[in-house]
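Please read it with the structure open.

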Amino acid sequence: MKAFFGIIGHPVEHSLSPCFQQAAFDACGIDAAYVPMNLDPLRAEDTIFCLKELGVSGFNVTLPFKELAYRKVDQVLGIASKIRSVNTVFLKDGKWEGYNTDVSGFVKSYSVFLEKSSEPADHFIVLGAGGSARAVLEGLASMGVSSVSVFNRSLERVQSLLKEFSSEKYITLNELSKIKASLDGKRWHIINTLSRNAFPVQGAFPPLETIEKSSVASVFDLSYGREGETECVAWAKKRGVPFSDGLPMLLFQGALSFEIWTGIPAPVKEMAKAMAKALPYRKDLMDQLSV
Ligand SMILES: NC(=O)c1ccc[n+]([C@@H]2O[C@H](COP(=O)([O-])OP(=O)(O)OC[C@H]3O[C@@H](n4cnc5c(N)ncnc54)[C@H](OP(=O)(O)O)[C@@H]3O)[C@@H](O)[C@H]2O)c1
């Protein structure tokens, strides 16, 4: 019988996961279908369990359900328990196992990016304090960075992050509005985890508009565009600052999910090709991914 996989989110139509996960199953000769599943956030507490009844073998989780998935799985494994966020669920012996592959996806893609951009800087800025910021902070810690400043719009969320990372003395947390005053004459690697829909004005990325190019060593944006570049990437491109969008991270977190479900190495090149085919505006994607 055909195995059934997918991704839950709201909205989820924009997701690229179906195209590259299906390509992975096909390339490995696995008889499986991977589909997008849009859950109503008001009913998701209950409807998420339908996936078990329907015999879904495994699924990815995107906004806004990663914390819900963390609460609903039978067993949380690995780094997911530390950051309380599950983006990959696997049905094993009738029970849901919950994993987080965002941290590894970030570390892999960000390490490649930093090596390629070869811009020296010891200081890192994380824009945002949501679920993906927690994954990024965990990833940066595993990479051994020694200076990170987090900036976020709402102070409340900054403070809750402060509680979680209070033992990490190399992390400072601030309000987003104070970013310019906090730069301190140093050069910074900037990692953007702010939601893309927060910046509806095309071509403008307010969090960085007041910042001098000379303070910025590189920009890594977790978001990505299906039709064109993100506002954060446009900011960096215009100023000649090395940049990456979130597509490499998306690919590597997805490859790891595939490996959790199937137990075999992910066909990363085939997955990257499928991703590139779905994004005609990104002609450079295969070179950037180096797979
Ligand atoms: N490439 C990948 O593989 C990958 C993986 C994970 C996530 N992502 C992307 O990362 C982004 C964030 O995801 P998430 O899970 O961290 O979301 P989240 O938990 O909802 O956090 C969203 C962040 O955006 C900020 N924000 C929202 N609206 C804003 C506004 N109008 N002005 C200023 N800040 C605003 C929030 O600040 P407040 O706290 O003040 O609300 C918060 O810091 C999404 O675009 C997602 O697609 C990509």
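1. Ground rules. This is a predicted model: local features need pLDDT of at least 70, side-chain atom pairs count only at pLDDT 80 or more, and totals for chains, interfaces and linings use all residues. Numbering starts from 1 along each chain as its sequence is written, and side-chain values use heavy atoms, with hydrogens and water left out.

2. An open sheet of 6 strands has the order 2-1-3-5-6-4, with mixed pairing. Its edge strands are strand 2 (32–38) and strand 4 (75–76), each pairing on one side only. Helices (H or I, at least four residues) and strands (E, at least two) are DSSP runs, numbered from the N terminus. Two strands pair if DSSP finds at least two bridges between them.

3. Strand 5 (residues 88–92) and strand 6 (residues 95–99) run antiparallel, joined by 5 bridges. Phenylalanine 90 stands opposite glutamate 97 in strand 6.

4. Helices on the sheet. Helix 1 (residues 17–27) packs there, touching strand 1 (3–9), strand 2 and strand 3 (58–61); its direction makes about 165 degrees with that of strand 2. Helix 12 (residues 247–262) also packs on the sheet, touching strand 1, strand 2, strand 3, strand 5 and strand 6. The direction of helix 12 makes about 5 degrees with that of strand 5. Contact means heavy atoms within 4.5 Å. Axes are lines fitted to C-alpha atoms, for helices over the stretch in contact, and angles run from 0 to 180 degrees between N-to-C directions.

5. Largest pocket. Its space is about 1,500 Å³. The lining has 47 residues, with Leu63, Ser132, Ser195, Arg196 and Ser223 nearest the centre. A pocket is an open set of points on a 1 Å grid over the protein atoms alone, where a 1.4 Å probe fits, with protein on both sides within 12 Å along at least five of seven lines; lining residues have an atom within 4 Å of a point. Grid points are joined across faces, edges and corners, and a volume is the space filled by probe spheres set on the points. Helix 7 gives the largest share of this lining, 4 residues.

6. Second largest pocket. The volume is about 370 Å³. Of its 20 lining residues, Phe243, Ser244, Arg282, Asp284 and Gln288 are closest to the centre. Helix 6 gives the largest share, 5 residues. Why does this pocket lie between domain 1 and domain 2? Because domain 1 (3–101 + 248–289) and domain 2 (120–241) both give residues to the lining. Domain bounds come from an automatic or database domain assignment.
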